[in-house]
Amino acid sequence: MNVIIPSWNAATTLPATLATLAEAPCRIIVADAASPDGTADIAMRLGAEVVQAPRGRGAQLAAGAAASTAEWLLFLHADTRLEPGWSQAAQAFMAGPPGAAHFTFALDDPSPQARRLERAVAWRCRNFSLPYGDQGLLIHRGLYQAMGGFRPMPLMEDVDLIRRLRPLRPVALAPRAITSANKWRKHGFMLRSAKNLSILSLYFAGVPPRWLARIY
């Protein structure tokens, strides 16, 4: 399994993300975009390989996938930590037929607002098969390539790929992908969630991602 992590100024969050990956032997590829905060140096010091790519999560994820060699790929955000037990769940899934899976969304915040958001995300995944990139994406290389992979989009690259995978209904794995809640704490849970939903709605309505990136 190769783990691919896009990064931009992730020096404060990447070490914890990489530490959780030590549970399983895997090649880690950090697709950086010339972060000025030393992210690439930190990644290499902690044992990851670094490839440089144009800034934009879609382009970075695609670059990391192009540099990978494994049969299975795990795409993970630089501010997301997988909880203990993730590797056993991943190995059990990979022992089956080629497919795609994601982890359970969680936030590193003790507030009731965070728990409500987690329940809302679980409902969205259960009813619409629409996980986001901050839940991780474990996918067989052949399936990834057959679906066209990540497109070089500045935003919504995760939704773009998941929509192509929806007929296959990606499997929800029980271990949590614990994501930084800094964006929600900074802007407020209700305001941030409403903004994310508005951007998703505009994307589904056909607004180009390059325009949505300006308001994200």
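A: Start with what a pocket is: an open set of grid points with protein on both sides within 12 Å along at least five of seven lines. Rolling a probe the size of a water molecule over the atoms shows where empty space is left. Keep in mind that this model is predicted.

Q: What volume does the largest pocket have?

A: The volume of the largest pocket is about 1,500 Å³.

Q: Which residues lie nearest the centre of the largest pocket?

A: They are R57, H77, K183, R192 and Y216, and they belong to a lining of 47 residues. By class, that lining has 24 nonpolar, 13 polar and 10 charged residues.

Q: Which element gives the largest share of the lining?

A: Helix α9 does, with 8 residues. Other elements that each supply at least two residues include β1 (2-7), α3 (57-67) and α5 (112-128), as well as α7 and α8 (182-187).

Q: How do I read the crossing of α7 and α9?

A: Look at the distance and the angle of the axes. Helix α7 covers residues 157-165 and helix α9 residues 189-204; their axes come within 11 Å and cross at roughly 55°. An angle from 65 to 115 degrees would count as roughly perpendicular, and one under 35 degrees as roughly parallel. The two helices, α7 and α9, are therefore oblique to each other. Their crossing is right-handed.

Q: Which residues make the contact?

A: From α7 they are V159, D160 and R163, and from α9 they are L200, Y203 and F204. The contact of α7 with α9 has 4 nonpolar and 2 charged residues, and no polar ones.

Technical notes: Residues numbered from 1 in each chain as written. Predicted model: local features only at pLDDT ≥ 70, side-chain atom pairs only at ≥ 80, totals over all residues. Heavy atoms only, no water. Axes fitted to C-alpha atoms, helices over the stretch in contact; angles between N-to-C directions. Helix = DSSP H or I, 4+ residues; strand = E, 2+ residues; numbered from the N terminus. Parallel < 35°, antiparallel > 145°, perpendicular 65-115°, else oblique. Left-handed = near helix turned anticlockwise from the far one by under 90°. Contact = heavy atoms within 4.5 Å. Nonpolar A, V, L, I, M, F, W, Y, C, P; charged D, E, K, R; others polar. 1 Å grid on protein atoms, 1.4 Å probe; cavity = no way out; pocket = protein on both sides within 12 Å on 5 of 7 lines; lining within 4 Å. Points joined across faces, edges and corners; volume = space filled by probe spheres on them.
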